[in-house]
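The following report describes selected features of one protein model. Please consult the sequence and structure shown here alongside the text.

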Amino acid sequence: MPPPHAAPKPAPRPTVETLSRTVTTGPGCDDEPVKILSIQSSVAYGHVGNSAAVFPLQRLRHEVWPVLTVHFSNHTGYGAWRGPLLAPTDVADVIAGIADRGVLGTADAVLSGYQGDPAVGAVILDAVAQVKAANPDALYCCDPVMGDVGRGMFVRPGIPEYLRDTVVPRADIVTPNQFELEFLAGRTTDTLDDLLAAVDTVRATGPRHVLVTSVLHGDLPADHLDVVAVSDTGAWAVTTPLLPIAPNGGGDVTAALYLAHLATTGSPETALERTTNSIFAVLEATLAAGTRELQLVAAQDAIADPPTRFTARQLR
């Protein structure tokens, strides 16, 4: 694996107080639209990466600037695909072109997902630094995609360590699944208390907001799972039935929705509830359709106007 490019000198990280102001009094408060630079993969058929994140964000009326890291015919879960893996220099060129328009610094947030190469990670971190230099209140949301229960790590060797040691500490929001959280924290999470301790370990490295998906622990009813959100203001969980479906792209939609709802409401609790209710509706529609591709279009009303089927309980 090639070594990562030299990382740019980090912009000063927002303090806890600054972040609090960002998500409670910033330009997106009260559901006012925000501008999001989304640097992710793309597919022509199906919904993963930007092909999963952009439409839901637009359905919520946000302005999205999608920058592609790959453009494949379909997601790699099919076992075969076509299309180009974009060079890090090409990704950086697109971002530079946005900067040439004089608007990069007006972004309210940067969103990233799968990072298959440290060189792409360096480009993303450079973009984050540029945005934050112009707008210190901007948020960086990183979905640290690397693996899952039953599959183990599915990224190239060295990527998990790069995410843990270099990328996650620079993020304001991270959205790991339970498997990824355990790697980031270096500990197992058999109980809810274990999970919160692991989140605290990750938050101590830099991120103030952590959303953990696909959480299983001994206190849950059978065939249910938790989604847990933790911030400086507290911790909350939403419990939903565990549906017999695990389509690609669900984590990409979840990260995008949580970033959007957190940026616009300033409330981790509200962001958790809205995100979880929308995602569950999307999964239900996908299951009903009998397809492996997320039914984002069919469930778009539940994205634009999240149901209130599931409510959050405060953990601390």
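## Aromatic pairs

Phe310 is buried, its relative accessible area being 11%; buried denotes under 20% relative accessible area, exposed over 50%, and partly exposed the range in between (1.4 Å probe, protein chains only). The structure is a predicted model, in which local features need pLDDT of at least 70, side-chain atom pairs count only at pLDDT 80 or more, and totals for chains, interfaces and linings use all residues. Residues are numbered from 1 along each chain as its sequence is written, and side-chain values use heavy atoms, with hydrogens and water left out.

Rings of Phe, Tyr and Trp (its six-membered ring) are paired if their centres lie within 6.5 Å; planes under 30 degrees apart are stacked, over 60 edge-to-face, and the rest tilted. By this rule there are three aromatic pairs. One of them is the tilted pair of Phe72 and Trp81, with 5.9 Å from centre to centre and 35 degrees between the planes. Phe72 is buried at 13% relative accessibility, whereas Trp81 is partly exposed at 39%. Phe280 and Phe310 form an edge-to-face pair, with centres 4.9 Å apart and planes at 75 degrees. Phe280 belongs to helix 9 (residues 268-289) and Phe310 to the loop between helix 10 (300-304) and strand 11 (313-314), so this pair ties together parts 30 residues apart in sequence. Helices (H or I, at least four residues) and strands (E, at least two) are DSSP runs, numbered from the N terminus. Phe280 is buried, with a relative accessible area of 5%.

A charged group also meets a ring: Arg292 lies over the face of Tyr78, at 4.1 Å from the ring centre. The criterion is that NZ of Lys or CZ of Arg is within 6 Å of the ring centre and within 35 degrees of the ring normal.

Helix 3 (residues 88-100) has 13 residues and should span 18 Å at 1.5 Å a residue, which agrees with the 18 Å between its end C-alpha atoms. The expected span is 1.5 Å times one less than the number of residues. The buried residues of helix 3 are Val91, Ile95 and Ile98. They cover an arc of only 50 degrees around the axis, which puts them on the same side of the helix; the arc is that of the directions from the helix axis to the C-beta atoms. On the other side of helix 3, Thr89, Asp93 and Asp100 are exposed.

The cover over the buried residues of helix 3 includes strand 1 (35-43), strand 2 (63-72) and helix 4 (118-134), where contact means heavy atoms within 4.5 Å. Just after helix 3, Gly102 adopts a positive phi of about 80 degrees.

## Nonpolar cores

A nonpolar core is a set of buried Ala, Val, Leu, Ile, Met, Phe, Trp, Tyr and Cys residues joined through side-chain atoms within 4.5 Å. The largest core has 47 residues, of which Leu37, Ile39, Ile95, Tyr140, Val202 and Val228 touch the most other members. Helix 4 supplies the largest share of this core, eight residues. Beyond its neighbours within four places in sequence, Leu37 has contacts that include Trp65, Val67, Ile98, Leu104 and Val131.

Leu262 is found in helix 8 (residues 250-265) and is buried, with a relative accessible area of 0%. The C-alpha atoms of Leu262 and Ala229 are separated by 11 Å, although these residues are 33 residues apart along the chain.

## Helix 6 and strand 8

Six of the eight residues of helix 6 (residues 178-185) are buried, so this helix is largely enclosed by the rest of the structure. The buried residues are Gln178, Glu180, Leu181, Phe183, Leu184 and Ala185. Among the elements covering them are helix 5 (159-167), helix 7 (192-203) and strand 8.

Thr213 is found in strand 8 (residues 209-215) and is buried at 15% relative accessibility. Leaving out residues up to four places away in sequence, Thr213 touches Pro176, Asn177, Gln178, Asp226, Val227 and Thr254. Ser214, also found in strand 8, has a positive phi near 55 degrees and is not a glycine; Ser214 is partly exposed, with a relative accessible area of 37%. Asp223 likewise has a positive phi, of about 60 degrees, without being a glycine. Asp223 is found in the loop between strand 8 and strand 9 (224-231) and is exposed at 60% relative accessibility.
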